[in-house]
Amino acid sequence: MELLSGAEMVVRALRDEGVKYIYGYPGGALLHVYDAIFQQDEVEHILVRHEQAATHMADAYARATNKAGVALVTSGPGATNAVTGIATAYMDSIPMVVITGQVMSYLIGEDAFQETDMLGISRPIVKHSFSVQRPEDIPSIIKKAFHIAQSGRPGPVVVDIPKDMTTPTERYPYDYPANVKMRSYGPISRGHSGQIKKAVDMLLAAKRPVIYTGGGVIMGDASEELVKLAQELNYPVTNTLMGLGGYPGTDRQSLGMLGMHGSYEANMAMHHSDFILAVGARFDDRVTNGTDKFCPTARIAHIDIDPASISKTIDVDVPIVGPAKAVLKEMLELVAEAKTQPDAEAIANWWKQIDEWRQRHGGRFELGDKMKPQQVIEMLSKVTNGDAFVCSDVGQHQMFAAQYYKFNKPNRWINSGGLGTMGFGLPAAMGVKLNFPDADVACVTGEGSIQMNIQELSTCKQYDLPVKIINLNNQSLGMVRQWQDMNYESRHSQSYMKSLPDFIKLVESYGHVGMKVKRYEDLEGAMREAFAMKDRLVFMDIYVDPFEHVYPMQVPRGSMRDMWLNKTERT
């Protein structure tokens with residue numbers, strides 16, 4: 001049997017797991033591992049400029065592929081810099097393995113240089129964590145880490161490795177397990193057939209049904225089954241922010257996003273429905289609004305891989321614990337065998353009502369003298385034929401992208417939903433572009449978010465990552481300012497961005513291309529030129545109306561139908 005050092009085992013185990021890229025930043029506690037990386041060429045390391053970016057790159061790779069991304073960071077500040085990225089992945093159930101260096105095992109607890117209790121710090125925001133106590137355990141621990149991260153409800157796993165576990169002169173037998181079994185961990189592989197039968201009976205009997213889907217459809221690779229079920233029944237489908245693309249956004253049966261900034265027709269249909277089939281969604285506060293007023297006439301069946309997510313905030317009538325793909329497959333079989341079919345007249349009347357709601361609002365916005373952010377996103381969709389990977393930061397630009405870019409494929413909308421992490425967009429776009437070099441990859445951002453990790457423009461240059469950055473420049477923290485307009489009588493406390501850099505000169509100093517666009521008439525030509533530069537990163541600094549708000553917007557603590565439709569019109 002081959003003898004390897006602990007450091008070599010780390011790298012070999014990653015190779016044997018099929019990992020192509022790891023994203024990280026070196027430091028003293030991990031130098032043995034970095035030396036092992038240097039001495040092979042099968043696993044490539046991407047050197048970021050800040051550890052948070054490493055975790056976001058790994059996260060975005062996972063969102064685009066449904067496979068765990070890998071980040072590698074050193075002890076102390078390296079590990080704590082990764083915490084935001086770990087929490088981002090945890091909140092959105094994204095598979096990721098984060099390997100953290102640690103001080104010598106005999107120094108743990110002594111407040112040694114660059115020592116932090118990474119397991120303790122990360123415990124609330126990981127699915128599981130490991131501390132390596134013996135070098136010979138590294139292969140099995142790495143295998144378990146990937147298994148846990150990718151199975152069941154996905155999530156991040158931390159592997160903390162003291163430096164003396166990777167000493168180059170100490171060698172041990174290397175055996176990477178083909179499979180792993182953990183007595184205390186056995187994710188369910190299918191749903192309860194009796195519960196699925198109940199849900200199908202209710203689904204077929206519904207007169208005002210809505211299929212409400214979330215990120216679990218995408219991470220569970222269940223989009224194909226969802227589309228088949230919805231189209232077989234001719235039922236409307238609405239997606240959460242994390243579920244966009246799980247059902248084609250341009251299809252007539254798509255109601256778009258629901259919730260706080262959801263479409264008028266989606267929120268109205270949810271409120272007035274008599275049956276909701278929830279698939280891989282968790283009824284979070286950005287969807288439900290006031291839980292005591294949530295969908296008062298609807299019975300609910302809820303499919304989720306995580307039993308803790310069912311009836312956590314909204315009581316459901318039929319809980320189904322299981323993978324979305326397997327459960328939807330079984331539902332399709334039952335629908336095909338069913339002797340009763342949906343009430344065609346009732347469903348036709350339901351669609352008539354939905355179309356009236358759609359006609360009333362349908363994503364309308366008012367044009368003005370200044371370019372609107374909605375126009376920019378619509379142009380982005382036009383120029384990329386709706387087929388780009390769109391990574392976003394967090395704020396108004398994120399909501400505009402979710403509303404006006406129509407995603408027809410899963411895994412194309414890459415954003416931080418649960419944690420709402422500013423600074424996510426650029427490194428996320430980098431992680432996607434690295435792994436999909438021939439695809440159009442856009443980062444939709446704002447002048448606040450982009451500055452959180454703008455140093456990664458250097459990484460883009462080093463590794464030739466020609467992403468396109470769409471900066472919706474409104475000279476403010478737009479979502480903060482909108483809330484201040486609506487709830488604080490426009491007292492704009494610390495929401496205006498003063499002394500902004502000249503982004504064009506800044507990106508050019510990193511060796512990239514900058515474009516400034518101030519008129520809508522110039523937008524299409526500039527954007528087509530930007531995307532035609534296949535081998536260059538282009539930063540489009542696009543000046544939009546600084547006073548534009550995101551609508552619809554739910555009235556706080558109201559029902560789903562309680563919305564502001566613009567600054568003066570309320571349902």
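How many bridges join strand 15 to strand 17, and do these strands run parallel or antiparallel? In this predicted model, 4 bridges link strand 15 (residues 389-392) with strand 17 (residues 441-445), and the two run parallel. Strands here are DSSP runs of E with at least two residues, helices are runs of H or I with at least four, and both are numbered from the N terminus; two strands pair if DSSP finds at least two bridges between them. Residue numbers start from 1 along each chain as its sequence is written, and side-chain values rest on heavy atoms, with hydrogens and water left out. Because the model is predicted, local features need pLDDT of at least 70 and side-chain atom pairs count only at pLDDT 80 or more, while totals for chains, interfaces and linings use all residues.

The pair belongs to an open, parallel sheet of 6 strands, ordered 16-15-17-18-20-19. Strand 16 (413-414) and strand 19 (513-517) sit at the edges with a single partner strand each, so one side of each has no neighbour in the sheet. Helix 21 (residues 523-532) packs on this sheet and touches strand 17, strand 18 (468-473), strand 19 and strand 20 (538-543), contact meaning heavy atoms within 4.5 Å. The direction of helix 21 makes about 165° with that of strand 20; axes are lines fitted to C-alpha atoms, for helices over the stretch in contact, and angles run from 0 to 180 degrees between N-to-C directions. Back in the strand pair, serine 392 stands opposite valine 444 of strand 17.

Elsewhere, strand 2 (residues 21-25) has 4 of its 5 residues buried, that is, under 20% relative accessible area, with exposed meaning over 50% and partly exposed in between (1.4 Å probe, protein chains only). Strand 2 runs parallel to strand 3 (residues 44-47), with 4 bridges between them, and isoleucine 22 has histidine 45 as its bridge partner.

As for charges, the structure holds 33 salt bridges (a side-chain nitrogen of Lys or Arg within 4 Å of a carboxyl oxygen of Asp or Glu). Aspartate 355 takes part in one with arginine 252, their closest N and O atoms being 3.2 Å apart. Salt bridges with shared partners join Arg252, Glu265, Asp355 and Arg358 into one network.
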